Structure formats: structure tokens, C-alpha cells
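The following note sets out numbered remarks on the model shown below. Please read each point against the sequence and the coordinates.

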Amino acid sequence: MAAVKALVLRAPGTNCDQETARAWQMAGASAEIWHLNRLLESPAELDSFQILTFPGGFSYGDDLGAGRVWAARIHQHLSETLCRFVDRGNLVLGICNGFQVLVATGLLPQGARPGMKPTASLTYNNSRQFEARWVDMKVSSSKSVFLKGIERIAMPSAHGEGRFLTATADELAGLVHENQVVLQYVNPLTGDPTETYPDNPNGSPMGVAGVCDPTGRILGLMPHPERFVSPLHHPRWSRFPKNAQPSPDGLKLFQNAVSFLKN
Amino acid sequence: MIWHLEIVPKNTSQSTLNRHRQTEAEELGLPGPWAIHETRGLVIESDMGQAELARAALEVLLDPVVESAVITPVGAAETSSQAKSDTTHLIHVLPKPGVTDPPGDTALNVLQSLGHKVERVRTMRTYRIEGPVAFLPDLTRRLLVNEAVEMAVPGRLSINHLQPSGQYRFKLIEIPIRGMTDAELVKTSREGQLSLSLAEMQVIQKHFDGLGRNPTDAELETIAQTWSEHCSHKTLKGSVERRGRSYRNLLKETIFAATSKLEADWVVSVFADNAGVVTFDDEFDVCFKVETHNHPSAIDPYGGANTGIGGVIRDPMGTGLGAKPIANTDIFCVAPPGFPADCLPPGVLHPKRVLKGVVSGVRDYGNRMGIPTVNGAVAFHPDYLANPLVFCGTIGIIPRGMSQKSVNDGDYIVAVGGRTGRDGIHGATFSSIELTSESEVVSSGAVQIGNAITEKMVLDVLMQARDRGLYRAITDCGAGGFSSAVGEMGADLGAEVDLESAPLKYDGLSYTEIWISEAQERMVLAVPPDKWKDLQHLAESEGVEATVLGRFVDTGRLTLKYHGHVVGDLSMEFLHDGRPRVSRRAESTSVKTVEPVFSSSPNHQEELLELLANENIASKEWIIRQYDHEVQAGTVVKPLVGVNADAPSDAAVIWPSTATNRGLAVANGLQIHAGVVDSYRMAALAIDEAVRNCVAVGADPSRIALLDNFCWGNPERPENLDRLVEAAEACHDLSLAWETPFISGKDSLYNEFLHDGQSRSIPPTLLISALGQLEDVHQAVTMDFKQAGNEVWLVGFTQAAMGGSTWASQYLNDPAEIPSVDADLALATFRKLHEAIKAGLIRSCHDISEGGLAVTLAEMCIGGRMGLAATLRDMPCSDKAAVDTILLFGESPTRFVVEVEPDAVGKLGDLWADLPVGRLGTLVGPGEAGADRLVIKGLDHSVLIDVSVDVLENTWKKPLDWAPEC
């Protein structure tokens with residue numbers, strides 16, 4: 001069967017496109033990196049892909065709030081294209097700034113639908129500063145096709161605006177109830193979700209690190225799976241014996257997506 | 001119509017920020033109590049009505065889930081929601097007219113693209129403050145506003161328009177230097193901020209006498225930029241008379257000379273291009289450049305550091321045909337953060353504000369560019385108070401065969417990237433003079449504001465254009481702007497520039513301002529005419545502006561035109577070779593060293609804890625974590641390592657291309673306490689530190705490339721210059737002995753501050769940056785202790801000299817002798833250590849640097865969360881060094897602590913038979929006696945130190961943990 005094709009979209013200020021494309025390739029997909037302008041010129045070409053990725057970075061400088069300008073461009077030009085893309089059973093992944101874009105468009109958490117509006121926010125970390133550190137997460141529901149077979153996973157996170165807020169606490173409880181809160185920061189010792197810094201780097205209520213849409217085919221997460229695709233990416237690889245190096249768990253997300261589309 | 005759109009958080013999520021501001025106010029010595037409430041907002045010049053603006057705000061300007069907008073016409077009375085009470089003082093802060101405002105530009109662009117009618121947008125912060133009125137102006141100045149680039153408007157806002165300036169009417173300006181007296185020449189140079197010496201002015205005068213005309217302002221500015229210390233390095237490349245020896249060209253006869261003599265076949269391009277280039281593997285070369293941005297950072301720490309890193313990133317981008325930046329390194333020198341706020345000289349910012357500002361500046365630019373900041377350092381010394389140093393470095397990777405460039409007759413001169421504004425006029429000449437307490441006022445034009453996203457967009461275009469062969473040469477617009485970029489590229493040929501074609505940020509710039517503006521994010525290319533259309537199309541597709549400014553022509557002249565009028569016409573020969581040689585005198589002032597007297601009843605444990613808490617040693621985690629150090633997914637030894645990822649790595653290791661296993665190691669060496677006493681040894685210590693850091697993580701000592709960065713006081717003082725020469729000689733000698741070529745360098749002289757007639761100089765500061773290479777990244781070694789039961793050994797010889805050590809800076813009043821580097825022993829040590837690492841014999845390795853052995857062991861224990869029982873008895877040392885205090889805290893160079901598995905000890909012993917090695921002790925595992933404790937016994941077997949790893953960690957982390965509570 002034909003190779004799974006992943007599109008990695010970039011906008012001015014996107015800066016994780018190359019390693020994200022590499023991760024798709026390592027997972028067995030073919031990957032192309034496109035400037036947003038190219039997709040705007042020919043939106044129909046999105047149909048030749050099965051995976052759309054919004055990678056990390058600082059799109060448009062995040063000058064008006066993380067992901068907001070990119071989201072406005074999508075609202076203006078690509079809403080219908082995206083809805084059709086998702087309706088056809090395809091996958092969407094947003095990492096870090098990409099997650100922020102998905103939330104600012106409204107694609108997350110409520111899914112692709114006409115006239116979508118944001119109902120959640122990824123806002124300033126409680127620390128009010130950008131921070132880079134590895135985080136431990138648990139997979140809290142089996143809803144996301146990207147997270148099949150994963151229980152616990154560590155990845156590097158690097159962001160200044162990652163605190164996931166809904167307008168009301170009830171809305172967050174609703175997302176939990178619908179199993180859409182799929183990744184939570186945990187205390188590495190107890191494995192329990194945490195709101196405590198620094199295990200939870202941004203202060204997200206209930207430790208929300210990643211959410212999916214109602215179909216489970218759109219995933220957004222703050223940490224960076226594409227930065228953990230080799231044992232050498234692990235922060236403590238030099239402590240492991242040569243013959244028992246850490247498994248590069250970030251790669252699993254990409255592999256899961258590819259096998260979902262192949263089956 | 002001008003609107004103020006204030007963005008108000010819906011809940012109390014901002015309370016952290018406001019609390020933070022209050023703490024900062026108290027730290028700056030402004031007695032409270034303060035209640036400071038900050039909001040962000042936009043000032044929008046637009047024909048939109050209030051309702052349309054409200055819709056636009058929801059659409060894109062704010063986060064509708066957590067924020068709402070308060071929209072008021074500017075000048076209208078405050079609404080009740082805005083003015084809290086009569087005792088609340090309102091202060092608005094916005095960028096000065098003409099200052100680049102990236103978020104304002106982004107808002108303007110997106111509003112226009114969404115179809116709204118908007119003329120201009122500027123960002124603004126609004127403060128509502130309750131507190132003692134008398135201190136309000138101080139609070140505003142010291143904390144809320146950066147007067148170099150921002151203005152504070154107290155009370156109600158009143159703005160008529162956001163247009164920065166009026167129209168420019170062309171008038172050719174000539175400077176009547178013919179017939180001027182010497183005094184008039186000096187005055188012309190000073191008042192024009194040209195930083196040209198009398199001798200230089202005289203040569204210019206003579207040149208134009210010969211031409212029978214006066215220079216235009218553009219010509220004089222071009223000469224001043226090209227001849228500036230910043231651009232031409234006239235001191236280092238000048239002649240020096242010193243102790244009976246005369247150098248014709250100091251740099252050429254010391255640092256260059258070593259590189260030339262070495263003739264290393266892996267060196268590609270040295271001291272010629274924007275960065276030095278060496279071979280990496282079959283596919284790629286790598287390049288490295290470190291720059292300083294000291295003077296601008298003293299005035300505006302955020303903007304100065306921001307454009308510092310932005311500028312050095314453009315160096316690899318402008319090297320060869322353009323390298324892709326893959327890593328950044330940043331080193332800051334500032335005064336201790338505890339400096340009493342009320343003792344600051346006028347015009348000087350508090351060191352804590354400086355440090356926070358430069359960290360934020362580097363963070364915001366480096367992170368946005370998507371370049372990992374993998375390594376760095378901060379050094380504290382009171383003499384950096386008025387002259388903080390900001391070193392920024394970038395490593396780039398470039399396909400082999402693309403490291404050379406050429407310019408052909410007829411090639412278009414093409415500017416790519418940001419528009420030209422009044423930013424940074426006189427940056428090059430400004431960095432070549434001493435700061436005074438008025439600098440803040442007179443030089444604010446020299447401060448630029450960066451926009452990282454523009455630079456990222458330029459990079460995206462360049463990498464594609466390079467691979468498609470759309471240009472023949474490239475350089476960045478740094479100091480001097482177009483004048484230096486075009487002047488350099490066309491030096492061997494000639495160039496004709498039509499200044500009116502440069503795209504401007506706003507109207508009103510004169511032809512000279514266009515020519516010398518240091519607006520950021522601009523690159524200049526030489527484009528063959530038949531490639532221009534393709535380049536133009538590519539740039540357009542990425543939303544990047546590319547403009548033809550003129551042509552390179554085979555005239556040997558630099559010809560400037562403005563709407564057809566010739567406004568400058570200089571011979572390239574005069575411009576580049578006409579500068580009179582600088583000749584300076586160096587004279588030593590010997591500093592007498594005093595042999596330290598050691599206490600008869602020292603408390604070594606207390607001293608260790610005090611050293612761990614010394615800012616120069618304390619954990620820099622607060623800074624490191626603000627930098628993205630893993631973007632590009634190539635950082636395999638991170639800046640913080642160990643069980644809890646909190647121990648300081650000696651060097652970062654990058655794995656730039658997964659096609660092979662080769663890696664790069666990045667490290668720095670800096671010795672700030674030794675230069676006044678013995679500059680030669682100071683330089684040797686810095687080189688040793690940079691090299692040993694690379695070797696410690698597994699780099700091959702036969703493939704290490706070095707950079708020098710000299711930051712000095714006024715070189716016209718003979719004693720300053722003497723120290724400079726000594727340091728340069730040390731660079732020559734060690735580079736040659738170790739076959740570690742210098743591939744690039746930079747200098748920033750005149751780091752002095754004039755106050756009340758007294759000139760205060762920084763310590764002689766030489767930053768050595770090292771770029772090492774690993775054959776296989778899997779062989780990299782980290783510094784955290786790994787396994788209980790393993791043995792801990794030391795390699796290296798300890799000298800008695802305590803000078804320059806952190807211990808001496810803390811406990812000695814008189815200068816002590818500086819330790820020397822034994823070049824032969826060091827080279828043997830580097831090689832044998834590398835062999836041991838390649839053979840897999842070393843489980844962990846850490847160099848001994850600030851704080852000596854005791855601090856090194858403490859850091860390794862913290863990294864491994866593991867105890868160690870050690871003794872000093874077997875340390876190889878000189879007879880005079882056989883003193884517990886020296887063995888614990890001395891900073892003799894070329895020493896490493898290594899961890900070895902018990903069954904590898906024999907092999908290592910054989911391999912290192914000829915080296916000075918000593919066994920220190922054994923790692924203690926959980927459950928054993930002494931687990932989680934560092935225990936060190938002295939020469940007489942008594943316990944000198946017995947302290948838990950928890951205490952070590954807390955003591956070391958606390959001083960610079962400036963993260964806000966959350």
C-alpha cells in the first residue's frame with residue numbers, strides 16, 4: 001500500500017518543522033514541509049495527505065498571544081478545508097505552538113466543525129516565563145489514536161504559554177468526562193497528575209498536557225515528541241548501560257499515527 | 001482616530017506578574033509599600049468604529065477565553081474600570097517614535113490582512129500604581145520604563161498621531177573640513193560621534209584636499225564606520241612598541257601567526273569571513289563566531305542582548321554562501337547582584353536589572369529563531385558595574401564547497417529582510433568610545449530593537465536560495481549597516497548604490513541615515529542578474545522583502561546616489577587602506593603578588609559552602625532553563641545533566657546530522673580574576689579551561705578550533721595595552737603547542753566608565769570559545785557520578801599558586817601568584833584522557849575549575865545524587881601545594897576528576913602511567929555508611945568536610961534562583 005503522507009505546515013516563525021518531518025520519516029511516513037502560503041494557494045492539495053502537522057515555534061512571533069495570528073489566518077481561509085480533511089478520517093497533530101494554534105482556532109478541544117471558535121486557552125505559565133525541562137506524563141485515556149499502547153511517557157517541554165484553561169471548571173470536567181484529556185503531567189515518583197511546579201511546568205489545572213478532539217484523531221500537546229526519537233535525546237542516556245539504552249518514546253506517537261492509517 | 005485597546009485578564013492570572021514587579025521594586029531600593037498593576041495594550045490609529053475594533057480584538061488581538069478588551073478613544077477621560085481610585089497613579093509606557101515595535105507591526109499586518117482599515121499600531125503597557133508619590137519618578141525610571149527606547153506618559157494619554165516623523169527634503173551636505181584647524185577637526189569628529197582620531201581626520205583632510213573638494217556627510221560617515229575600532233580593529237591590527245620589541249601588526253604576529261604556522265588541513269577559512277570555518281565530516285563544514293554587544297547592553301540590557309544574539313546569528317548566515325545556525329552560546333559578565341542600589345553612579349543600571357534584561361533579550365531572540373542555546377556562563381565582578389559584557393556566539397553548519405564567495409562585475413546588490421529605519425545610528429563608532437553618565441541620553445539612537453521572526457524568515461529564504469544557487473556572495477548588515485556590508489563586499493571591485501531604493505520603515509530618513517542605519521535583520525547579497533527574478537519570486541513566496549539597491553561594478557569606487565544625485569564617491573583603496581596605522585605604546589605595571597598565609601584552624605566545610613554560594617559558582621539553572629536548549633533535536637549532552645538534570649555540564653554536545661555519528665562540543669573559558677596580576681597566565685588559564693571542557697565530554701583534542709574575544713579597558717593606556725599583548729602572546733603559544741588553531745575573533749576595547757573625572761576599567765577579560773569534535777556522539781561522557789562502588793580518580797598536577805581562584809577572591813586581600821599552564825603536560829593529559837574516553841574506561845568526567853577540587857566533587861555528587869568518601873592524600877602536587885586548603889580550593893589548570901569502574905582501574909593505570917594521577921576515593925551507594933554525603937579527609941587523615949548532598953545542592957542552588965514563586 002502507498003506510503004502514508006504527512007504534511008508539516010510552517011508559518012513565519014515556525015522552527016520545529018525539520019525535526020518533525022524527520023520524526024514522520026523515521027516512523028515510516030513520507031513527509032513534506034510546506035509554507036502556509038503554498039497551502040493557501042492550493043488548499044485542495046491537502047487531500048493528497050493523510051496527516052497534517054502543526055509544528056512548534058513562534059508563529060508570527062506569538063506577538064499577539066501564542067498561535068493567535070496563525071489561527072486567524074486559518075479561520076479566514078482554511079476552515080472548510082480542514083473540516084473536510086478531518087471528516088475524511090485523517091489525522092491532525094499540533095505540537096507546542098501547533099497545539100496553541102489548534103486551541104486558538106477551536107479545532108481543539110471541540111473538533112473540526114464549521115464556524116468553530118476557541119473555547120479553551122493555552123495561556124502564560126504560572127511562572128510567567130519560558131522554561132525548557134523534561135516532563136513526565138501519563139496517558140489518561142485511550143481516546144487518542146496517537147497514544148495507543150502508551151501508559152507513561154517523558155518528553156522535553158519548552159514553552160512560555162502552556163497553561164490549559166477553559167472558561168469554566170465545568171468545561172474542563174466535561175473534557176475529562178469525554179476522555180479528551182489524554183495527557184497529564186505527573187509526579188514522577190507517584191505517577192499521579194500534578195499541578196505542582198516544576199513537574200507541571202506551567203500550572204495547568206489537573207496537569208493537562210495534551211487534549212484530543214471527540215474523534216480522537218486530532219491531538220495537541222505542549223511537550224515535544226519529535227525531540228525524543230533517539231536514545232541519545234534522553235536527558236540521562238549516559239547513565240544507562242550501553243546495552244540497555246532508553247527507548248525513544250516520542251517516536252511511538254508518530255508510529256501509532258502511521259499504523260492507524262495503514263490499518 | 002486613535003484608540004487605546006487595553007487587554008484585561010478575566011481572572012487573577014496576572015497576580016504573579018504584579019507581585020513580581022513589587023518584589024523587584026523593593027530590590028531596587030524603592031521603599032514601598034507598592035501595589036503595581038500592569039496591563040498590556042495597543043494604541044491603534046484607525047478609522048474603525050468602536051464596535052468593529054471590539055470584533056477585531058476578539059478575532060485576533062486577544063485571547064477571548066481568558067482576556068477581554070477595554071476600548072477607549074485616546075484622550076478621553078478614564079472610564080471607571082480603568083481609574084481605580086484617586087490615589088492610583090496611571091503611567092503608560094510605549095516605544096519612542098521610530099523605535100521598532102514588532103508586536104505592533106504584527107498587529108497592523110494581521111488587521112490589514114483581515115480587511116480592517118488600520119493606519120498604525122503601537123504597543124503600550126499601562127501601570128496603575130499605589131505607593132509613595134515621592135518615589136514614583138524613580139520607580140518609573142528604574143523599573144517600568146527603558147528610557148533608551150521607551151517613553152513614559154503619566155496620567156491621561158494624549159497622542160495626535162502615531163506617525164514618527166515628517167518628510168525628508170533632499171539637501172546635499174558637505175562637511176567643510178578643508179582648512180579646518182586641528183582643534184576644529186577634533187571637534188567635528190566628536191560632535192558628529194565619528195570617533196575618528198586627529199591623525200585620522202588629518203589624513204581625511206589631506207585626501208580631500210588632493211581631490212579639491214570637501215567630503216559629504218555620507219562619505220565622512222562611511223570612512224568613520226570603516227575605520228572604527230569596531231570594524232577595523234585598529235589596535236589589535238596596529239603596531240605596538242613594547243619592552244624593546246615592536247609589533248607591526250599585533251594580531252598578525254601573535255594569534256594569526258599561530259594559525260598560519262599550524263597549517264591544519266581541517267581548517268577551511270580563518271579570520272577572513274564573518275565566522276571561522278573548519279571541516280566537520282564528508283558532507284559538512286562548521287563555522288563559529290562569538291561577538292560582543294557590550295555598550296548597547298549597558299544602556300538597554302534587553303534590546304542590547306536581543307540584537308547581540310540577532311547579530312551574531314547573522315554571522316554564520318553570512319559566512320561562505322550561508323550556514324544554518326545550529327547552536328548558540330552566551331556569556332555575560334556583570335557586577336554582583338547584591339550591589340547597593342543607592343550607590344549606583346548616575347546613568348548606570350543596577351546589575352540585577354542588567355542581568356535579567358540580557359537573559360530575557362537572549363531568550364526571546366534565540367528561542368524564536370529556533371536555535372538551541374546549549375552553553376554559557378555568567379561571571380560576576382564589581383568592575384563590570386558600568387560596563388557589563390554580553391558575549392553571544394553561534395555555530396553554523398554549511399555543505400562542503402560552499403564556504404567561499406565571490407562578487408562579479410554587474411552583480412546586483414540585493415538587500416533582503418527588514419526595512420531600514422533610524423535604528424542604531426552610530427553603533428559602530430559608539431562601541432569604540434568610553435561610556436559616560438550621559439551615554440544613556442546621547443546614545444539612545446545607537447540601541448536597536450530586534451525582530452527575531454523577520455530574521456527567521458530571512459533564514460528560511462536564504463537556505464533555499466543558497467541551495468538553488470541564486471546568489472554568489474552574502475554578508476550581514478552589522479555595525480555600519482549598508483555602508484560596511486556593501487563597502488566590504490565591493491572592496492576589491494567597486495559598487496554603485498541607489499539609496500532611495502532601500503525600503504524604509506517610515507519616511508523622513510536622509511540619504512546618510514539610510515546608508516549607516518543599523519536596522520536589524522538585513523542581509524546583503526550579490527545576485528547575478530539572471531538569477532534575480534527567481535530570488536525575488538522565492539522571497540515573495542515567503543513574505544520576505546528583497547530589493548535591488550544597486551550593482552557591483554569594476555570601478556574601484558564606492559559611488560552613492562540619491563535620486564540621481566551623487567552623494568558619495570570614494571575610492572575603495574582609500575576607504576580600506578587609507579587609514580593611518582595606529583601605533584601604540586605598551587608598558588607594564590607589575591603587580592606585586594603576596595604569598596597567602598593560611599589560617600591555622602581553617603573551617604574547610606564552611607568555606608566549601610560559602611564557595612558554592614558564591615555567584616560565580618552557584619547554579620545558573622534559572623537562566624539555563626529559560627533557553628530552549630533542545631530545539632532542532634540535536635542536543636545530546638545538555639547544559640544540565642545528572643539524575644535530576646541540575647548539574648552543570650562541562651560542554652554541550654550537538655549531533656547536527658544524523659547521517660553520521662560525529663558530534664560537536666561547545667565550551668568556553670574565562671578567567672576574570674587573574675588578568676590584572678598576570679595577563680599571560682590569565683589567557684592561558686582561559687584557553688586551558690575551554691579546551692579541557694571540550695575534552696572532558698569526549699572531544700578529540702586534535703580537532704579543537706578556538707575563538708578569541710578580547711574585552712578590555714582603554715588600549716591607549718600603556719598598561720592596558722601591555723596586558724593585551726601578553727594575552728595575545730599566550731594565545732599564540734598555547735595554540736601552537738596544542739595545535740588548536742584560532743579561527744576567528746573579535747575585540748571590544750574602551751570598556752571604561754567615566755564618572756566624576758575618574759575612569760574605571762573592566763578587568764582584562766578574554767573569552768576563549770572552543771568548538772570541539774567527537775568521532776562518535778555515543779562516546780560522550782557527562783559529569784554526574786554514575787554508580788556506587790566505582791572509583792574516583794584525579795588526573796593533573798596541583799600547584800601552590802592560589803591567585804585568580806574564587807577562593808582567593810573571597811578570602812584574600814592581596815593578589816596572589818597566578819598558576820601557570822604546563823603546555824606539554826596538558827597536551828599529554830588531553831590526549832590520554834581522550835584515549836581513555838574512546839576506550840570506554842571513563843564513566844564520568846568533570847574538569848576542575850572555579851572553586852577547585854572540592855566544588856568539582858560537590859557538583860559531581862549533586863549530579864549523581866550520590867555520596868563520595870575521598871582523601872586528598874594521593875593528590876599529585878608540588879611540595880608547597882601540600883596544604884589542605886590549596887588541594888581543596890586551588891584552581892591549577894589541566895585537572896580532571898574521573899569515575900572509573902573497579903575492573904577498569906588497571907587498564908587506566910597502564911594508559912596513564914606517565915601522567916600525574918591520584919586516587920581520591922569510592923562512590924558510596926544507598927544504605928551504606930556515608931551514602932548521600934561528601935566526605936573529604938585531609939593530608940593528616942582528619943575529616944575536613946562531611947556534608948550531605950542535599951545541603952550541597954540547596955546551598956549551591958539558592959543564590960541565583962530568581963524564578964518567581966509559583
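1. B:Ala495 has B:Leu558 as its bridge partner in strand S21 of chain B. The two strands concerned, S18 (residues 495-498) and S21 (residues 557-562) of chain B, are joined by four bridges in the parallel sense. Strands are said to pair if DSSP finds at least two bridges between them; helices (H or I, at least four residues) and strands (E, at least two) are DSSP runs, numbered from the N terminus. In general, strands of a sheet pair through backbone hydrogen bonds, either parallel or antiparallel.

2. The model is predicted: local features need pLDDT of at least 70 and side-chain atom pairs count only at pLDDT 80 or more, whereas totals for chains, interfaces and linings use all residues. Residues are numbered from 1 along each chain as its sequence is written, while chains are lettered from A and ligands numbered from 1 in the order in which they are written.

3. S18(B) and S21(B) belong to an open sheet of seven strands with mixed pairing, in the order S17-S19-S15-S20-S18-S21-S22 of chain B. Its edges are S17 (473-476) and S22 (565-571) of chain B, each of which pairs on one side only. From one strand to the next the twist averages 25°. Helix H16 of chain B packs on this sheet, where it touches S15 (412-417) and S19 (522-527) of chain B, and its direction makes about 130° with that of S15(B). Angles run from 0 to 180 degrees between N-to-C directions, and axes are lines fitted to C-alpha atoms, for helices over the stretch in contact.

4. B:Asp507 lies in the loop between S18 and helix H18 (511-516) of chain B. Is this residue buried or exposed? B:Asp507 counts as exposed because it has 11 C-beta neighbours inside 10 Å. The cut-offs are 20 or more other C-beta atoms within 10 Å for buried, 12 or fewer for exposed, and partly exposed in between, with C-beta atoms placed from the backbone. Not counting residues up to four places away in sequence, B:Asp507 touches B:Gln167 and B:Tyr168; contact requires C-beta atoms, placed from the backbone, within 7 Å.

5. B:Val795, in strand S34 (residues 791-795) of chain B, counts as buried, with 22 C-beta neighbours inside 10 Å. Beyond its neighbours within four places in sequence, its contacts include B:Thr829, B:Leu833, B:Phe896, B:Trp912 and B:Val917. B:Val795 and B:Ile654 are 141 residues apart in sequence and 26 Å apart in space, C-alpha to C-alpha.

6. Strand S36 (residues 867-871) of chain B is largely enclosed by the rest of the structure, because four of its five residues are buried. S36(B) pairs with S38 (residues 917-924) of chain B in the antiparallel sense over four bridges, and B:Gly867 is bridged to B:Val924 there. With S39 (residues 933-937) of chain B, S36(B) pairs in the parallel sense, again over four bridges; B:Ala869 has B:Val935 as its partner in S39(B).

7. Helices H27 (residues 852-864) and H30 (residues 949-957) of chain B pack at an angle of about 105°, their axes being 9 Å apart. They are therefore roughly perpendicular to each other, a class that spans 65 to 115 degrees, with under 35 being roughly parallel, over 145 roughly antiparallel and the rest oblique. H27(B) contributes B:Ala858, B:Cys861 and B:Ile862, and H30(B) contributes B:Val949, B:Leu952, B:Glu953 and B:Trp956. Six of these residues are nonpolar, none is polar and one is charged. Here Ala, Val, Leu, Ile, Met, Phe, Trp, Tyr, Cys and Pro count as nonpolar, Asp, Glu, Lys and Arg as charged, and the others, Gly among them, as polar.

8. Between the chains, 52 residues of chain B are in contact with 48 residues of chain A. Elements giving two or more residues to the chain B side include H1 (15-27), H2 (50-61) and H16 (452-467) of chain B, and H3(B) gives the most, with five residues. That side divides into 29 nonpolar, twelve polar and eleven charged residues.

9. Chain A comprises seven helices and eleven strands. Buried residues make up 62% of its 263 residues. Among the buried residues of helix H7 (residues 250-262) of chain A are A:Leu253, A:Phe254 and A:Leu261, and their cover includes S3 (51-54) and S4 (91-95) of chain A.

Note on methods:
Contact = placed C-beta atoms within 7 Å.
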